[in-house]
Amino acid sequence: MDREDSEPKKDSIFTGAGTAIITPMNEDGSINYKKMEELLEFQIKGRTDAIVVAGTTGESACLSTEEHYELVRFTCEVVNKRIPVIAGAGSNHTAHSQLLCENAEKAGADALLLVTPYYNKCSQKGLVMHYAACAKVTGLPFILYNIPSRTGVNIQPSTYEELLQIPNIRAVKEASGNFSQLAKIVSRYGDRLDIYCGNDDQAVSALALGSKGIISVLSNICPEVVSDLCASYFSGNVHHSEELQLKYEALIEALFSDINPIPVKTAMEMMGFETGPCRLPLCPMEPSKAEELKNCLKEYHLI
């Protein structure tokens, strides 16, 4: 498809701060839906612009298909169209991803987040075929999720030429950390594709290159901060966005001092949210790391 012949880009799924929300658990490992409702209301009160449920931060890899459906359904019910709900629906098994897509649409999701197939991986051609197959079972818009550090698969910038012929594909959560790649994507496809930053420590830099916002872990505990960072940037107060980015750099680093979402759930426990443990194979932080995290939260007056 020639760029000149392409249709104009549709409205963005969201602009600003999207929270990659955790999944709170009871002590027996079951999902704590009462707490989930509290967290969703906390996010909306904190002015977050979208909720990403059942993603990596929500321990999607450890949810059963039934739990995934119910978690998305419950989230959509509580949010009640106040802000968009984006459901994680990625898998390394295309047929399973199709099922997650169908279920998320039935549950009321506004859009889907689809990570690149992991472990068994695939070629660039396989990526196109995977997403095309998912598009056959749902009309919901897709945010692709590119995080090669977790999946071993990188969406090459040139691959978007084929991917963008799939009408569902509207955006990508770019978490490669490669700014040269991000710049190529924006320069080549920015008129047809929205980009969301996937790394809290790179938010302002990504916004400067044309990102529409961020899908954030930090906003689980500081939704107002991430919302303010994005809103300030888009209103022209870039200096304030830069100040926030630098001010919260140490906290962001602490939230990634162990495998996500272990530190953020630990932090929320320390802050009194009672979000419960992660499911195995994610295990509690080492005491020394947990103490460092607690000291960091104290420095930011969060506990």
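Q: Where does Y145 lie in the secondary structure?
A: Y145 lies in strand β5, which covers residues 142-146. Strands are DSSP runs of E with at least two residues, helices are runs of H or I with at least four, and both are numbered from the N terminus. The model is predicted, so local features need pLDDT of at least 70 and side-chain atom pairs count only at pLDDT 80 or more, while totals for chains, interfaces and linings use all residues. Residues are numbered from 1 along each chain as its sequence is written, and side-chain values use heavy atoms, with hydrogens and water left out.

Q: Why is Y145 called buried?
A: The relative accessibility of Y145 is 5%. Buried means under 20% relative accessible area, exposed over 50%, and partly exposed in between (1.4 Å probe, protein chains only). Y145 therefore counts as buried.

Q: What does UniProt list for "active site", and what makes these residues gather at one spot?
A: The unreviewed UniProt entry lists Y145 and K173. Although they span 29 residues in sequence, no two of their C-alpha atoms are more than 4.7 Å apart, so they gather at one spot. Of these residues, Y145 is included in the lining of the largest pocket. UniProt positions follow the numbering used here, feature names are shortened, and annotations may be inferred rather than shown by experiment.

Q: How are the residues listed for "binding site" arranged in space?
A: The unreviewed UniProt entry lists T57 and I215. They are spread over 159 residues of sequence but cluster in space, with a largest C-alpha distance of 10.5 Å. T57 is found in the loop between β2 (50-53) and α2 (65-79), whereas I215 is found in strand β8 (residues 213-216). T57 has a relative accessible area of 5% and is therefore buried; I215, at 2%, counts as buried. Among the contacts of I215 is K173.

Q: What makes the pair of Y233 and F234 edge-to-face?
A: The structure holds six aromatic pairs. In one of them, Y233 and F234 lie 6.0 Å centre to centre, with 90° between the planes. Rings of Phe, Tyr and Trp (its six-membered ring) pair if their centres lie within 6.5 Å; planes under 30 degrees apart count as stacked, over 60 as edge-to-face and the rest as tilted. The pair is therefore edge-to-face.

Q: Why do Y233 and F234 fall into separate accessibility classes?
A: Y233 has a relative accessible area of 17% and is therefore buried, whereas F234, at 41%, counts as partly exposed.

Q: What is known of the largest pocket?
A: Its volume is about 540 Å³, and 28 residues line it, of which T56, E59, S60, A61 and Y118 lie nearest its centre. On a 1 Å grid over the protein atoms alone, a pocket is an open set of points where a 1.4 Å probe fits, with protein on both sides within 12 Å along at least five of seven lines; lining residues have an atom within 4 Å of a point. Points are joined across faces, edges and corners, and the volume is the space filled by probe spheres set on them.

Notes. Contact = heavy atoms within 4.5 Å. Lists of a residue's contacts leave out its neighbours within four places in sequence.
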